There are 2 protein chains.
Amino acid sequence: MKKIDKNHLAAMGKIERLNLVNSCTGYKSANLIATKSTDGVANVAIFSSVTHLGSNPAMLGFILRPATVQRDTYKNIKDTGFFTVNHVFSDIASKAHQTSASYGVDVSEFDAVGLEIETKVGIDFPFVKGSPVQLLCRFLNEYEIAENNTIHVIAAIDAIFFEEHIESTDGWLDLGKANVLTVNGLDGYCLPKILDRFEYARPNQETKSMLK
Amino acid sequence: MKKIDKNHLAAMGKIERLNLVNSCTGYKSANLIATKSTDGVANVAIFSSVTHLGSNPAMLGFILRPATVQRDTYKNIKDTGFFTVNHVFSDIASKAHQTSASYGVDVSEFDAVGLEIETKVGIDFPFVKGSPVQLLCRFLNEYEIAENNTIHVIAAIDAIFFEEHIESTDGWLDLGKANVLTVNGLDGYCLPKILDRFEYARPNQETKSMLK
């Protein structure tokens, strides 16, 4: 095993450190967060920090760096109270990555990268067309992480949209059936295949597969 | 697209809601967090919420539900100040899942599920033997998420250990080369394969693959 300690990390070049530290925590979710400005400009940006927080009530969180290109996303969420989360799937990988470029405030990344807006009846916020799982989220709170000045945004999941063929009888969404991607580091887009699904674990009882 | 809104979610059976909401945010990291009690009992439990927070200084966060079996992990981290993060890989998927069972405080999950402890010179905390990426983490802070009484634990990454063959020349760790897993929902263990890696995105410049 190779060891890189904090002194080594501090002395490392910026790009190498970014690549190493971004890949050392494991695979990440790949989501496009879409918002709308008060002027009606639709914004979309890729995020790899969307994390489940709880099921009842349904909540998620994600991390923002307000000093970067993500500031449009933050401003729109604060101004309107809502955003959508759209899973990245294999057909749109390169377009999803391109949303990380630093476009101007008045530019819609949808147009700039060639992603299509999907509108839904009764919802005044943009979704990403074709995305197999889409969430309508409502801003609840934010926690500033004082240790590095990032913001942990907390949101309620007000509605879940998904392609029906990926739903299991027990509610589980089989993301592999929709070619949903995961991210390795900053820029590695990966396609997972299911290896196994296990039953609820209990002490002194063998781990049981649900698939075999 | 099927739509499940918040009223439908609230009325749903508990298991179905757990499965749906846990899978609707996308793929998650699969990590074993190992700790040691002040009595010397090694504890290990699976987490799917470990998220990169920043690279300089290197930091991560994860979500704890103190009212569940994860309370040993929390107590040990608060008592000792340290924990280790160990990537789940294909050979240990079922053992990793089994750590989610509710074992007693004086039971080491390492023994109960058949995972081996790896000790490292100069570090007084247990790692999971065979895990291809291992992090030594130091507790920095915690933020209580008032909306659902979970805790967001913030930690510094003091050292990164990894199998040398997965390191790229630019610092990126190719997790696929070590069969690192990702989790779909509560219990679906998936093996990702790299689809593409893209260069840093800039406006008005075509998205470029680093692999092709």
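Modeller: Let's start with a term: a polar contact is a pair of N or O atoms within 3.5 Å, and within protein one of them must be able to donate a hydrogen and the other to accept it. By that rule, chain B and chain A of this predicted model share 65 residue pairs in polar contact, counting pairs with both residues at pLDDT 80 or more.

Colleague: Which part of chain B gives the largest share of the side that touches chain A?

Modeller: That's strand 13 (residues 188-197) of chain B, with 10 residues. Overall, the contact takes 106 residues from chain B and 105 residues from chain A. About 8800 Å² is buried between the two chains, 60% of it on carbon and sulfur atoms. B:Met1, B:Lys2 and B:Tyr27 supply 9% of the area chain B buries against chain A, more than any other three residues.

Colleague: What makes B:Arg197 and A:Asp187 a salt bridge?

Modeller: The rule asks for a side-chain nitrogen of Lys or Arg within 4 Å of a carboxyl oxygen of Asp or Glu. Here the N to O distance is 2.7 Å, so the pair passes the 4 Å cut-off. Between chain B and chain A the count is 6 salt bridges, and over all chains it comes to 20.

Colleague: And A:Lys2 with B:Glu167: how do you know that this pair crosses between chains?

Modeller: Look at where the two residues sit. A:Lys2 is in strand 1 (residues 2-5) of chain A, while B:Glu167 is in the loop between strand 11 (150-162) and strand 12 (182-184) of chain B. Their closest N and O atoms are 3.0 Å apart, so this pair also meets the 4 Å limit.

Colleague: Why is A:Lys2 called partly exposed?

Modeller: Buried means under 20% relative accessible area and exposed means over 50%. A:Lys2 has 25%, so it falls in between. B:Glu167 is partly exposed too, with a relative accessible area of 25%.

Colleague: What makes the B:Glu116 and B:Lys129 pair a tie between separate parts of chain B?

Modeller: B:Glu116 lies in the loop between helix 5 (109-113) and strand 8 (117-120), and B:Lys129 in the loop between strand 9 (123-128) and strand 10 (133-145), so the pair ties together parts that are 13 residues apart in sequence. The closest N and O atoms of this salt bridge are 3.8 Å apart.

Colleague: How do you know that the two copies are related as by a two-fold rotation axis?

Modeller: Chain B can be laid on chain A by a turn of 180° and a shift of 0.0 Å along the axis, with an RMSD of 0.0 Å. The two copies are thus related as by a two-fold axis. In chain B, the C-alpha nearest that axis belongs to B:Pro192, 1.8 Å away. The same surface serves both copies, as 99% of the contact residues of chain B recur in chain A.

Colleague: What makes strand 2 of chain A an edge strand?

Modeller: The open sheet has 6 strands in the order 2(A)-12(A)-13(A)-13(B)-12(B)-2(B), with antiparallel pairing. Strand 2 (28-29) of each chain has a single partner strand, so one side of each is left without a neighbour in the sheet.

Definitions and conventions:
Residues are numbered from 1 along each chain as its sequence is written. Chains are lettered from A and ligands numbered from 1 in the order in which they are written. This is a predicted model: local features need pLDDT of at least 70, side-chain atom pairs count only at pLDDT 80 or more; totals for chains, interfaces and linings use all residues. Side-chain values use heavy atoms; hydrogens and water are left out. Copies are superposed by least squares on the C-alpha atoms of residues with pLDDT of at least 70 in both. Contact means heavy atoms within 4.5 Å. Two strands pair if DSSP finds at least two bridges between them. Helices (H or I, at least four residues) and strands (E, at least two) are DSSP runs, numbered from the N terminus. Buried area is the accessible area (1.4 Å probe) that two parts lose on being put together, summed over both. A polar contact is a pair of N or O atoms within 3.5 Å; within protein, one must be able to donate a hydrogen and the other to accept it, and residues adjacent in sequence count only if both atoms are side-chain atoms. Buried means under 20% relative accessible area, exposed over 50%, partly exposed in between (1.4 Å probe, protein chains only).
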